[in-house]
Amino acid sequence: MQPRNMSMSGVVDLAAVKAAQEAKAKAEQARAEAARQGGGGAVTPASLVIDVDEAGFEQDVLQRSTEVPVVIDFWAEWCEPCKQLSPLLERLAVEYNGRFVLAKIDVDANQMLMQQFGVQGIPAVFAVVAGQALPLFQGAAAEAQIRGTLDQLVQVAEQRFGLTGLTVDADAAPGGSPAPQEAPAGPYDALLEAAVQALDAGDFGGAVQAYKNVLADDPGNMEAKLGLAQAELLQRVQGLDPQKVRRDAAEKPGDVAAQIAGADLDLVGGHVEDAFGRLIDTVRRTAGDDRDAVRVRLLELFEVVGADDPRVVAARRALARALF
């Protein structure tokens, strides 16, 4: 099973926007308390990889996740794929230089944690960010794919929750080599950050404009394209009456506007396949401008979910069959 692309928190679930705000506030409070108590100093590279059990889970994972993303590696001694994945994750934890901490959990000794996370097979990798758990991937995977998932994780942690990671003591690194310098901020970082902040505040119109400002100068900026599609979706559904939209969509299968609104609401609620299926069925029933309007909206929803998502890949094939 390959790593799944991680969507930015709150992009297809209005409730998640509020949850992200609350988690961010709790994380900031926890960091402030740690600072008052003299915490928050530099850590050694060795402390970026820790063994965690049920007794220490709350402190080592949940509390720590208010300072830095915690990646959890569920493993066992008898698991052959684990013997390939675990060393890779350990190396990346050090290489990422404090952007995340790796928590290793032996499932044989910690069955309760395995059950609580719903682990069906190992290796299984999860993350906890500001107390919120999310699955990353299951099974062995290529290093490039894992790096992509980790890059998205640290980006979400920083943009949504303000978690910039831990400071690593360069002198404690093997050979005393200094920690790598952070890359300079890109030319559109301020605008992209403004868009994220607008999303967090529920100002979807402001987020739309901020992403458009980036795309005006850099039409190929993928982060802005994805963010714009997500912000526009949230803006469209913000004032809708969910009960009326669902009733109209059920009672008026031939009403293109009703089906498009229903699909938007489906996607925001996390019902991705329902949203895609609704619009593909509408494509089959329509022609001309109506069909084109449905097709365009479906392509926009593909952008929200992500081109590599298997549900998008399947829906693209179904759309092609419906059109041709």
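R236 is partly exposed, with a relative accessible area of 25%. In the terms used here, buried means under 20% relative accessible area, exposed means over 50%, and partly exposed lies in between, with a 1.4 Å probe and protein chains only. Before I continue, please note that this is a predicted model, in which local features need pLDDT of at least 70 and side-chain atom pairs count only at pLDDT 80 or more, while totals for chains, interfaces and linings use all residues. Residues are numbered from 1 along each chain as its sequence is written, and side-chain values use heavy atoms, with hydrogens and water left out.

Which residue forms a salt bridge with R236? The partner is D264, and the closest N and O atoms are 2.8 Å apart. A salt bridge here is a side-chain nitrogen of Lys or Arg within 4 Å of a carboxyl oxygen of Asp or Glu. D264 is buried, at 3% relative accessibility. D264 also forms a salt bridge with R297, where the closest N and O atoms are 2.9 Å apart. This second pair links distant parts of the chain, with R297 in helix α12 (residues 288-305) and D264 in helix α10, 33 residues apart. Helices (H or I, at least four residues) and strands (E, at least two) are DSSP runs, numbered from the N terminus. R297 is itself buried, with a relative accessible area of 16%.

Let me place these pairs in the wider count. A search of the whole structure finds 18 salt bridges. One of them joins the side chains of R91 and E143, at 2.9 Å from N to O. R91 lies in helix α3 (residues 80-95) and E143 in helix α5 (residues 143-161), so that this pair, 52 residues apart, also links distant parts of the chain. R91 is partly exposed at 41% relative accessibility, and E143 is partly exposed at 27%.

I turn now to the strands. How many residues of strand β4 (residues 124-129) are buried? Six of its six residues are, and the strand is mostly covered. A124, F126 and V128 point one way from β4, while V125, A127 and V129 point the other way.

Strand β2 (residues 70-75) runs antiparallel to β4, and five bridges join them; two strands pair if DSSP finds at least two bridges between them. V70 has V128 as its bridge partner in β4. With strand β5 (residues 132-138), β4 pairs in the antiparallel sense over six bridges. The bridge partner of V129 in β5 is Q132. The hairpin of β4 and β5 has two residues between the strands, and there A130 takes a positive phi near 50°.

Finally, a loop. G254 sits between α9 (242-251) and α10 (256-268). Is G254 buried or exposed? G254 is exposed, with a relative accessible area of 68%.

Thank you for your attention.
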